[in-house]
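This report concerns a structure shown below, with attention to helices, charged pairs and surface features.

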Amino acid sequence: MSLTLPAMSDSRVASKGPYISVITNRTTNVVIRGAMLFAVGVFLALVLNLLQVQRNVTLFPPDVISSIFSSAWWVPPCCGTASAMIGLLYPCIDRQLGEPHNFKREWSSVMRCVAVFVGINHASAKVDFANNIQLSLTLAALSIGLWWTFDRSRSGFGLGVAIALLATMTTQLLVYNGLFQYTSPDFLYIRSWLPCIFFAGVITMGNIGRQLALRSENICMQHNVDQTRLS
């Protein structure tokens with residue numbers, strides 16, 4: 001019996017070898033997480049843009065409406081790429097600052113964060129407010145509330161604000177060049193509440209990226225423990 005137990009243990013480790021070797025490889029790990037974040041970003045872009053188009057908040061020229069959900073073909077890939085970059089950047093910044101994010105690090109919290117983000121976007125398209133200022137202030141409060149509920153890190157808030165401003169300026173350039181338009185622009189060709197949506201989206205994708213990175217780190221740590229026991 002004493003001879004069979006080590007053999008069984010070695011066989012189990014060997015059976016997991018190819019999978020573990022792929023996950024623990026740093027480059028491959030980043031590619032896998034980036035692909036997952038890209039897929040999530042594309043899915044959310046399709047769903048959320050559908051809400052905006054149905055409500056006539058955004059309008060695309062007829063000649064560029066050529067893909068599913070009446071979305072311009074370039075919108076989902078751009079959102080997916082941005083989501084991948086944001087999701088990979090957040091855990092990287094946490095490591096560089098030496099401030100690991102340990103607040104509500106579980107998938108159930110991440111899923112609630114996604115649900116709140118979708119709700120905020122839904123409110124911007126469906127709920128009627130007395131004026132745009134009231135809508136913008138409400139969405140700003142909801143977006144900051146999302147950060148406080150699911151993030152609370154200074155790096156998360158700073159990156160959220162910076163990326164939201166950059167995304168807003170990029171959107172202004174796209175609208176200015178006629179790629180799409182808003183039905184009732186009230187702030188330099190766009191809607192004044194748009195930065196709030198971008199901020200909430202950045203916080204959401206940052207949380208997803210952090211959770212994926214945490215999962216990968218746990219697998220790597222377990223792999224190192226197994227290797228230490230075998231040696």
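## Basis of the description

The model is predicted: local features need pLDDT of at least 70, side-chain atom pairs count only at pLDDT 80 or more, and totals for chains, interfaces and linings use all residues. Residues are numbered from 1 along each chain as its sequence is written, and side-chain values use heavy atoms, with hydrogens and water left out.

Side chains of opposite charge can pair when their charged atoms come close. The structure holds two salt bridges, a salt bridge being a side-chain nitrogen of Lys or Arg within 4 Å of a carboxyl oxygen of Asp or Glu. One of them joins Arg210 to Asp94, with 2.7 Å between the closest N and O atoms. This pair links distant parts of the chain, since Arg210 belongs to helix H7 (residues 194–230) and Asp94 to helix H3 (residues 75–97), 116 residues apart. Helices here are DSSP runs (H or I, at least four residues; strands are E, at least two), numbered from the N terminus.

Arg210 also meets the side chain of Asp151 in a salt bridge, at 3.0 Å from N to O. Asp151 lies in the loop between H5 and H6, whereas Arg210 is in helix H7, so the pair ties together parts that are 59 residues apart in sequence. Through shared partners, the salt bridges join Asp94, Asp151 and Arg210 into one network. Arg210 is buried, at 2% relative accessible area, and Asp94 is buried at 6%.

## The loop between H5 and H6

Ser153 is found in the loop between H5 and H6 and is buried, with a relative accessible area of 12%. Its side chain makes a polar contact with the side chain of Arg210 at 3.2 Å. A polar contact is a pair of N or O atoms within 3.5 Å; within protein, one must be able to donate a hydrogen and the other to accept it, and residues adjacent in sequence count only if both atoms are side-chain atoms.

Arg152 is placed in this loop, between helix H5 (132–150) and helix H6 (154–176). At 40% relative accessibility, Arg152 is partly exposed. Although not a glycine, Arg152 has a positive phi of about 65°. Most residues other than glycine have a negative phi.

The 23 residues of H3 should span 33 Å at 1.5 Å a residue, and the end C-alpha atoms are 32 Å apart, which agrees. The expected span is 1.5 Å times one less than the number of residues. Buried residues of H3 include Gly80, Gly87, Tyr90 and Asp94. Just after H3, Gly98 takes a positive phi of about 70°.

Helix H4 (residues 107–126) has 20 residues and reaches 28 Å from its first C-alpha to its last, close to the expected 28 Å. Among the buried residues of H4 are Cys113, Phe117, Ile120 and Asn121.

## Nonpolar surface patch

H6 gives the most to the patch, with three residues. Ile144 is placed in helix H5 and is partly exposed, at 44% relative accessible area.

Notes: Buried < 20%, exposed > 50% of the residue type's maximum accessible area, 1.4 Å probe, protein only.
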